[in-house]
Amino acid sequence: MIKVQFLGTSGSVPTETRGMPSVYLEYRGHRMLFDCGEATQRQMRIAKIPFMKLDQIFISHFHADHCLGLGGLIQTMDLFKRQKKLEIYGPKGIHDVIEKVITTGHFILEGFDLEINEVKPKGVKQIYGDKDYSIKCAQIDHTVPCLGYSFEERDKRKFLKKKALQLGVPEGVLFSRLQAGESVKVRGKMVKPDAVLGKAVKGRKVTYVSDSRPCAAGVELAKGSDVLIHEATFGHELQESAIAGKHSTAKEA
């Protein structure tokens, strides 16, 4: 299951009912944020999201409403004795921004490491991948350097248990090895994964396009998505304002 939860959807300033931009995504024990606006850590507490277990944070750009929550969140993690490394991705300038937000006030990060990754994509670029999922990004069209991101589940093949048993494979560790794509020996004969795996099932895809005009890079990044999260700052009657600020209207989104 892929869990997507909105922690904030307001723009520029919070309201009584809407926090600043941040989206939480969880998949098979992997936990990540897309943007981290002001008070994101409070929203995570209200939503009962285990913020101490976050693996990655992906920042779209450095307008304050999308990143000011980083400093407080990192300081709280340190206060609560986090030890696991935290990965943060963002556009050009992210090292400087992180240095500023975490050193605001009398604070020195001591308990865990930050892995800060500056991303400069040309077209759609994969910036992270493991056996379960990949993250891609693209430069989208805003007034400052801004990234859109996509989360993509790896394609999967169904394990044909009945077929495996017919071939004499006992339940247990050999099942797991076959599912992982490894051939196994059973009663002196090799059983290959293709013999017990069905056709590939397309993985699911979630795309996050924050502040941006509609653009070809955003379309390419979002292609094939099951869920598209796209900004819509203005009603279409305010299209001139959207163009001036490099935002999208609801109709354009």
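Two strands pair if DSSP finds at least two bridges between them. Strands (E, at least two residues) and helices (H or I, at least four) are DSSP runs, numbered from the N terminus.

This is a predicted model: local features need pLDDT of at least 70, side-chain atom pairs count only at pLDDT 80 or more, and totals for chains, interfaces and linings use all residues. Residues are numbered from 1 along each chain as its sequence is written, and side-chain values use heavy atoms, leaving out hydrogens and water.

**View 1. An open sheet of five strands.** The order is β7-β8-β9-β14-β15, with mixed pairing. β7 (125-129) and β15 (227-230) stand at the edges. Each has a single partner strand, so one side of each lacks a neighbour in the sheet.

**View 2. Strands β8 and β9.** β8 (residues 133-139) pairs with β9 in the antiparallel sense, over seven bridges. C137 has Y149 in β9 as its bridge partner.

**View 3. F151 in strand β9.** This strand covers residues 147-153.

**View 4. The largest nonpolar core.** Such a core is a set of buried Ala, Val, Leu, Ile, Met, Phe, Trp, Tyr and Cys residues joined through side-chain atoms within 4.5 Å. Of its 24 residues, L33, L54, I57, L70 and I88 touch the most other members. α4 (94-102) is one of the elements that supply at least two residues. The largest share, five residues, comes from α4.

Conventions
Buried < 20%, exposed > 50% of the residue type's maximum accessible area, 1.4 Å probe, protein only.
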